[in-house]
Amino acid sequence: MTQLAAKEEACDAECFSDVIAFDIKNDVKYFAQLWEGSPPMAPPNPCYSENILELKKTIFYRSLECHIITLSQLKDRIKDLWIALMNENFVFSFKNTLEISVYRKLEEQYGTWTWSLRSAMLNIQDKFHTRINNKQLHKVEHKLLVTEMQETFEEVRKSMVCYFESESKEKDMMEQWRGRFEKKVEDLHDDLTQQAKRELDGIILQREACKNLEKQKSQYEAKLFEKSKELALSLRVNKDDEGEKKRQFDSLWETWVQELTATIQPMKEIDITQDIFQILSESDEQQLVSKRTHERPFKIHMIGDYINYVKILKKKLTWNIFHQTPTLLPEEQDSIRNLILTVIKQTNDLVKSKPVAQTGYSSSYIQEIVLLVKKAVAEHKSSRYKFIKTFSVDLSLHVCETAKVTFEELHKIFRSANDLVVYLKNMKPEYYNVFQKFCEGATSVAAFGASLCSKLGDAILQSVYNKTATELAEQMRSDLPAFNGNRSNLEKHILKSLAEEENFNKFKTYIFSPRENFEGFIRDVVKDYMEKQNPRTLDTIGRIIVHKQNCVIIAAETATEEIIKKKGDANMWLERFSGSLKDELECKTDHLSGNNCQDITDFELLTDVLKKELSLITEKLKNDLNSVSVLKMENFRKRPDEILIEHFCQCCWVQCPFCKAICTNTLENHDGDHSVPFHRNCGINGWYYRGTKNLSISFCTTAVASDRHFWHLDTQYLWREYRKAGGDYADWSITPDLSELPYWKWFVCRFQKDLENRYKKLFQRRGKIPSEWRTYTKKDAIENLDKYF
């Protein structure tokens, strides 16, 4: 056996003693029972205590020679071994508490490494995004992103080497995972660079597609600048009061916008609800679609029983002996729910891939979603049932209406940026400011500088949002206990929150759609954090504003110095000024070039004007952003909650086929079996005792240590041989374990009626809740989470 294993592992071992040092003469300690006398018929065995002392000495002497494991760790190993020995299949299901503990620490460190890579890439994307919008970057090469990431990637790799080669007692144990984690970090680095390239390429394509629109915007703004100046100069000789001048400006402004947009076709209004109805009605009965639009359940993936969505095939009927009606088995309910969750995820991914904010909404997107649903439903096969039309319609309505919310929000962004009529109307405050400057007798330089600073103020504000998002996410990772560990730590805080709220609907989401629940929890925590005063975040915002202000001043001074030396004009000054800010701010100056700047010759005065105006704008920004709660989530290029969701939710989400516990592996598509340290009561997932109406009170970990059976479809299996059921069962490692989380015992007692109503079954007879379960309070449930996690 040793030689065969050594061949598989490319090792030189020839016999068992090459693997584990073992001396059969000195390493075997025989203990006669305490009650066996020595000699026979003597009082309790005195040799027993002598053997104990000899064993202690042996352990202590060996511990002096061994630097791999501590005595407390040895205790954990012996405990795991003893529990495993109590079960026939211990060789195949051996829970190793020590390894689990070390692996969890490694997962936390992995989270730190991946965060370093993610935050670095967000900063790189922000810089390149600004360059693209400043027309300073027209193509993003993959090697350019790799070069930009090189320093951070090397730091992460050095940190990994230090961690795995540290002089810790767990060093040898961690070596088994080293290659896997190094590969995952490399894969994440590659994924981040490829994803960033795709997103930046999309921005470049969008910029090219909107080149004519941007040119039109610049031309119209130039005309508005000129008209504002002309109106101000014509009114300067009059002694009209400020109110009269504003009335005249307002009146002419409407005329100007109408003249400039007279030939522009207004952007069409969208009606996604009508699109959904029309597209679904093309392939299904219009009457059915209309009916289900009003009658269907809100969340199809939260339904307890899908029997109303299927037709049971006559040859495969399973009857409920209490009601004499066809019924679906628990695993079939799971299969249908998994289909729904898969479709929801695929739809969400599809929605995210559509550039609605850049190109606008298209009804073809709804068509694509409907086809995706129909294909998934058609490919779902079962020998016992088939779906009725209502299922496909309800599922399509659910995912389409979820997509509708996102499409409408993104289309608003597209419209405000691309509808010229809306865009020009939004420019009114800026050009009224130009008008006022000229009315007050300001020089062209002053008005020019004020208009330029107005654009810079918007750019600084956007930069604050871009930079603050990553900073906020970083702060929350350090400030909030829920975010400063691995995914298991986050789950612990979610379970605490659920227990404190005692909201069964939220528990349902956690159990049956865990990723949705995790994402919702992260959003709620981020929202709560941002609604509170946070001095650190305000300091960050102030620091960013000052930094950007200094960048603008330096750019202006540098451009002025160069233009004076070269005797250039204002157009050259704008070009040099914008070029200096290519990585810092999105600086749009096209509307100020050409004729609107031909009378600008005093560049030192222009620099002074910029400093003065910019000081007023940045001071206003600081006052406006005097609280984190005033930050608008829609203004972030990538929101803080989205950053944290990407960080925590790119992991395994496979659920135990018995109790729905989530695989705790931090790595998505990981090697080996799925596993979770603590399983739940199977009745939570609707499991019941076959041929009865009694919900199960079994825990997976205790059941696999027994001689009991369970049914999968129409076949009976021993719990301890659950892998023979194949499919999802074969991919899970459920170790025999007598530890049962008090949390889930409290949950079953607290929400007994809710669970019974959901599954139309009862905790009775074989499924009667043990009286011991009812002794646990909510406080016990929450406190035990800290112990077990």
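Analyst: **Salt bridges and their surroundings**

K611 is partly exposed, its relative accessible area being 30% (buried means under 20%, exposed over 50%, partly exposed in between, with a 1.4 Å probe and protein chains only). The model is predicted, so local features need pLDDT of at least 70 and side-chain atom pairs count only at pLDDT 80 or more, while totals for chains, interfaces and linings use all residues. Residues are numbered from 1 along each chain as its sequence is written, and side-chain values use heavy atoms, with hydrogens and water left out.

The partner of K611 is E557, and the closest N and O atoms of this salt bridge are 2.7 Å apart (a side-chain nitrogen of Lys or Arg within 4 Å of a carboxyl oxygen of Asp or Glu). E557 belongs to helix α22 (residues 535-566) and K611 to helix α24 (residues 603-624), so the pair ties together parts that are 54 residues apart in sequence. Helices (H or I, at least four residues) and strands (E, at least two) are DSSP runs numbered from the N terminus. E557 is also partly exposed, at 36% relative accessible area.

In total, the structure holds 42 salt bridges. Side chains of opposite charge can pair when their charged atoms come close. Within helix α7 (residues 171-209), R178 and E182 lie four residues apart, about one turn of the helix, and their side chains meet in a salt bridge with an N to O distance of 3.0 Å. R178 counts as buried at 15% relative accessibility, whereas E182 is partly exposed at 25%.

A further pair is D707 with R720, whose side chains meet at 2.1 Å, N to O. D707 sits in the loop between α26 (700-703) and β5, and R720 in the loop between β6 and α27 (742-750), so this pair ties together parts that are 13 residues apart in sequence. D707 is exposed, with 52% relative accessible area.

Strands β5 and β6 (residues 715-718) run antiparallel and are joined by four bridges (strands pair if DSSP finds at least two bridges between them). W711 has Q716 in β6 as its bridge partner. The covered face of β5 (residues 709-712) carries F710 and H712, and the uncovered face H709 and W711. Two residues lie between the strands of this hairpin, in which L713 takes a positive phi near 55°.

As for covalent links between cysteines, a search of the whole structure finds zero disulfides (pairs of cysteine sulfur atoms within 2.5 Å). C656 is in none, and the nearest cysteine sulfur, that of C659, is 3.9 Å away. C656 counts as buried, at 0% relative accessibility. C749 is buried too, at 17%, and the closest cysteine sulfur to its own, in C682, is 16 Å away, too far for a bond.

Finally, I20 lies in the loop between α2 (16-19) and α3 (46-65) and is partly exposed, at 45% relative accessible area.
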